[in-house]
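Keep the model open while reading.

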2 protein chains.
Amino acid sequence: MRKITPRTFRGTRDFLPAELLGRRAIVRTIEEAYRKYGFQPLETPAIEYLEVLTGKSEENDKLIYEIKRARGAQTETAETAIALRYDLTVPLARVVAQYGDLPRPFKRYQIQPVWRADRPQPRQGRYREFVQCDADILGTDSLLADAELVALMHEVLHALGFEGFQIRISSRKFLAGLVELTTGSTEKTGAFCRAIDKLDKIGWDEVKVELAESGFNGNEIEQLLQSLQESLGLHPDFEKTEKLLSKSVTAMMGLKEIQTVYRESLDLGVEAELLSCEPTLARGLDYYTGPIFESVITYLPHMGSLSGGGRYDGLVETFSKSGVPATGMSFGLDRIQAALIQLEKFKSAPSETQVLVARFDNEGVSENLRIAALLRKAGFRVEIWYDEDRMKKQFSYADKQQIPLVVIAGPEERAQQQASLKNMRTGEQQVLHVELLVQAIRKELASLDL
Amino acid sequence: MRKITPRTFRGTRDFLPAELLGRRAIVRTIEEAYRKYGFQPLETPAIEYLEVLTGKSEENDKLIYEIKRARGAQTETAETAIALRYDLTVPLARVVAQYGDLPRPFKRYQIQPVWRADRPQPRQGRYREFVQCDADILGTDSLLADAELVALMHEVLHALGFEGFQIRISSRKFLAGLVELTTGSTEKTGAFCRAIDKLDKIGWDEVKVELAESGFNGNEIEQLLQSLQESLGLHPDFEKTEKLLSKSVTAMMGLKEIQTVYRESLDLGVEAELLSCEPTLARGLDYYTGPIFESVITYLPHMGSLSGGGRYDGLVETFSKSGVPATGMSFGLDRIQAALIQLEKFKSAPSETQVLVARFDNEGVSENLRIAALLRKAGFRVEIWYDEDRMKKQFSYADKQQIPLVVIAGPEERAQQQASLKNMRTGEQQVLHVELLVQAIRKELASLDL
């Protein structure tokens with residue numbers, strides 16, 4: 001038989017128990033925060049009709065994995081192309097257009113993998129399969145919804161143990177207004193946003209080059225950058241900015257958005273020193289229409305943003321006659337994990353097992369099984385040793401797997417309905433009646449803070 | 001702009017909050033049982049190299065969804081074909097062959113979706129994307145591991161609230177022995193197993209036809225079916241069966257397997273009346289080599305099995321020089337959900353939100369946000385009403401979403417730092433100081449058993 005080399009597709013990963021237990025702790029924390037803010041879970045299929053996915057973002061269209069149909073020809077006759085989702089926002093927009101009886105507002109969270117045919121760059125945390133953690137609010141144009149998302153970002157980052165992060169607020173309308181003031185129309189807003197979105201990565205000089213390539217002339221570029229720089233550190237002096245922008249209705253609407261989301265976020269308990277209004281924040285996605293926001297760890301500048309989001313009032317309309325206002329945000333699970341690892345706050349353990357029931361001899365197997373059943377009934381997480389191995393090997397397994405307690409019932413103990421309980425951390429061992437095991441284990445685990 | 005019809009790919013499903021909350025409760029119960037038995041989580045990518053997936057089961061090969069490469073040609077140059085996994089067992093075998101430093105035994109559970117290009121039959125619970133809940137033990141040939149899986153099936157079904165289910169044990173070696181006794185060789189074991197696997201669905205007469213088509217002659221068929229029928233209700237009388245089969249070493253090994261797994265399952269606490277030895281149980285998969293087992297709800301005969309599993313000592317070897325003994329089992333999440341629905345035990349609720357902070361007037365928004373922040377800080381799951389709507393609409397939302405408590409702070413209440421707390425189930429309303437809200441809500445939720 002030909003041997004197949006066991007390997008994973010480039011850009012995808014296996015998550016072995018130790019790493020996965022750490023990732024799940026992150027997901028649980030995020031989920032708990034989302035639920036506290038009144039979001040309900042949603043799951044959509046990995047496979048969507050291709051036409052559902054395309055046309056929302058030129059850049060993303062190139063990254064879609066299409067799926068071949070009709071391998072088993074008899075089972076697949078339809079011709080419509082199918083593909084893997086590349087994000088969770090487009091499927092959400094489809095869902096909201098598809099089901100008439102969803103509550104309004106519809107507050108949903110979704111934590112699922114997405115796939116992009118991108119060049120994998122594991123060091124930059126870029127994979128072909130990765131998990132997004134989205135929270136969105138649909139059915140209201142109230143900026144309170146945007147403020148809730150900012151407060152939720154704050155809640156999640158706090159709960160994950162991050163300190164000294166920064167949540168930045170901006171508005172697409174504000175940026176459109178700057179373009180309008182400078183060029184007389186909002187037409188080139190998309191190009192402007194795409195260019196300044198890269199500011200952190202490429203710097204002002206490169207941004208100028210990119211703006212020139214997009215058709216802005218020298219004067220326009222100077223004026224735009226000056227306006228941006230003058231609006232930096234916006235929030236201490238809204239009045240000054242207002243004067244600067246008063247000739248553009250769009251810019252004034254954007255400023256109002258930023259001010260409102262900022263103020264209401266504070267009312268929702270966000271600490272002022274973690275919040276800033278940043279007009280240079282543009283976010284890459286084409287479909288944003290109002291407030292936009294993101295979070296960064298300022299002392300991990302190479303990490304990029306841990307979360308990002310914004311209002312996208314036009315997306316649902318691509319699937320339905322009537323539009324539905326929408327705003328949302330997303331945490332990247334891999335970014336969070338990478339940041340926690342850098343800060344030495346990522347917790348991983350090879351196992352969650354609390355007790356190993358060792359196999360001292362073959363005659364004791366039945367008794368071992370009964371002890372394991374007893375302990376599991378009491379709610380403990382218990383493993384049984386399966387094979388005829390020396391105790392040394394069994395202890396070494398418990399050690400490697402960080403299983404804190406081992407139960408051993410040799411012939412002498414069994415004769416008196418007793419068992420030994422060994423604490424692997426302290427090395428201490430006690431012999432006690434089997435009926436007292438549950439109580440003793442509870443005490444040992446409490447003493448180990450488990 | 002052309003509107004895209006919002007729809008899901010046939011055979012796949014959206015899980016909206018109400019259904020998903022019920023499904024998650026099932027997954028949590030299964031997961032808790034798996035962890036109690038000492039299994040650790042594993043996740044593998046949805047996309048695998050095609051060669052990893054093929055060649056384990058002829059039937060499954062036809063159902064594989066292949067993925068197109070090189071859409072963005074610059075990012076995808078390799079030529080190796082890729083595809084979506086169709087089960088969780090083959091990726092597990094790959095993982096065990098791929099990583100040298102896994103613990104032995106390696107006890108892993110995995111709850112992830114799989115994809116099959118099958119004809120969707122939603123009424124029979126057959127979908128193209130569905131979730132499997134697997135638990136496997138690799139690295140030991142001890143039958144204790146198989147008994148643990150039988151006990152784990154029992155634990156899961158109990159924890160899910162099923163009663164009067166049946167766990168059936170058989171052995172591929174036993175069945176191979178019957179074939180050996182009858183035909184002089186074990187060669188046609190696969191064909192025999194595939195035929196009797198369908199017994200429940202098609203009956204004895206059709207099984208005979210199928211066996212004849214597989215090359216068994218009339219005498220052989222009669223002898224095989226007689227042996228099977230004589231071994232029915234095997235466990236009360238192992239001795240009789242032993243005499244019947246003593247001329248086949250293979251059959252005797254199989255009988256020993258069944259006896260051992262049966263006895264050790266009882267030691268692990270499985271109730272005898274829920275356990276049976278069933279030689280007609282064959283399981284469809286080609287790669288089983290030893291004990292096999294499944295669970296059925298006897299009073300839901302059309303449901304098929306809720307879980308199934310068995311030993312597959314040869315699978316890892318397809319990826320590595322040295323084999324690794326393995327045994328495992330799987331619950332189908334959709335089957336469980338369907339069974340619970342039929343028994344009216346599937347719990348679903350549109351929302352987990354506990355408190356809605358209503359919007360009485362625009363002037364109260366800031367105060368509402370502060371109240372929401374206060375309640376969330378206390379750990380409650382809280383929604384804020386975003387828009388200027390009448391109270392009637394807000395109450396109707398709380399009602400539809402089954403949110404049990406609504407907080408209202410009108411101008412009079414606000415003037416005295418008070419708020420109203422309305423219990424939506426009883427209709428009762430109390431006015432109290434904002435500082436006392438947390439305590440009052442805790443009491444109301446406790447009284448509602450939430």
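This is a predicted model: local features need pLDDT of at least 70, side-chain atom pairs count only at pLDDT 80 or more; totals for chains, interfaces and linings use all residues.

## From the axis to the interface

Two copies of a chain are related by a rotation about an axis and a shift along it.

The next point is the contact between the copies. Chain B gives 109 residues to the contact and chain A gives 109 residues. Of the interface residues of chain B, 100% are also interface residues in chain A, so the copies meet through the same surface. The size of an interface is often given as the accessible area lost when the parts come together. Between chain B and chain A about 10100 Å² is buried, and carbon and sulfur atoms give 54% of that area.

Polar pairs also cross this interface. Between chain B and chain A, 52 residue pairs are in polar contact, counting pairs with both residues at pLDDT 80 or more. Helix H1 (residues 17–36) of chain B supplies seven residues, the largest share of the side of chain B that touches chain A.

Side chains of opposite charge can pair when their charged atoms come close. The rule finds 16 salt bridges across the interface of chain B and chain A, and the count over all chains comes to 50. One salt bridge joins the side chains of A:Glu352 and B:Arg35, at 2.7 Å from N to O.

A second example joins A:Glu51 and B:Arg7, whose side chains meet in a salt bridge at 3.8 Å, N to O. This pair crosses between chains: A:Glu51 belongs to helix H2 (residues 50–53) of chain A, and B:Arg7 to the segment before H1 of chain B. How exposed are the two partners? A:Glu51 is partly exposed, with a relative accessible area of 25%, and B:Arg7 is partly exposed, with a relative accessible area of 29%.

A further salt bridge is formed by the side chains of A:Asp267 and B:Arg370, at 3.3 Å from N to O. This pair also crosses between chains, from A:Asp267 in helix H11 (residues 249–267) of chain A to B:Arg370 in helix H13 of chain B. A:Asp267 is buried, with a relative accessible area of 16%, whereas B:Arg370 counts as partly exposed at 43% relative accessibility.

Salt bridges also occur within a chain. The side chains of B:Lys36 and B:Glu155 meet in one, at 3.0 Å from N to O. The pair links distant parts of the chain, with B:Lys36 in helix H1 of chain B and B:Glu155 in helix H5 (residues 143–159) of chain B, 119 residues apart. B:Lys36 counts as buried, at 15% relative accessibility. Elsewhere, A:Arg13, A:Arg23 and A:Asp334 are joined into one network by salt bridges that share partners.

Now turn to a loop. B:Asp361 lies between strand E12 (355–357) and helix H13 (365–377) of chain B, in the loop that joins them. Is B:Asp361 buried or exposed? B:Asp361 is buried, with a relative accessible area of 16%, under the 20% cut-off. A polar atom of the side chain of B:Asp361 lies 2.9 Å from the backbone nitrogen of B:Gly364. Leaving aside neighbours within four places in sequence, B:Asp361 is in contact with B:Pro411 and B:Arg414.

The last stop is helix H16 (residues 437–447) of chain A, whose buried residues are A:Leu437, A:Val438, A:Ala440, A:Ile441, A:Glu444 and A:Leu445. Seen down the axis of H16(A), these buried residues fall within an arc of 165 degrees, so they line one face of the helix. Their cover includes helix H13 (365–377) and strand E12 (355–357) of chain A, together with strands E14 (405–408), E15 (418–423) and E16 (429–433) of chain A. On the other side of H16(A), the exposed residues are A:Gln439, A:Lys443, A:Ala446 and A:Ser447. Just after H16(A), A:Asp449 takes a positive phi of about 65 degrees.

Conventions
Residues are numbered from 1 along each chain as its sequence is written. Chains are lettered from A and ligands numbered from 1 in the order in which they are written. Side-chain values use heavy atoms; hydrogens and water are left out. Contact means heavy atoms within 4.5 Å. Helices (H or I, at least four residues) and strands (E, at least two) are DSSP runs, numbered from the N terminus. Buried means under 20% relative accessible area, exposed over 50%, partly exposed in between (1.4 Å probe, protein chains only). A polar contact is a pair of N or O atoms within 3.5 Å; within protein, one must be able to donate a hydrogen and the other to accept it, and residues adjacent in sequence count only if both atoms are side-chain atoms. The arc is that of the directions from the helix axis to the C-beta atoms. Buried area is the accessible area (1.4 Å probe) that two parts lose on being put together, summed over both. A salt bridge is a side-chain nitrogen of Lys or Arg within 4 Å of a carboxyl oxygen of Asp or Glu.
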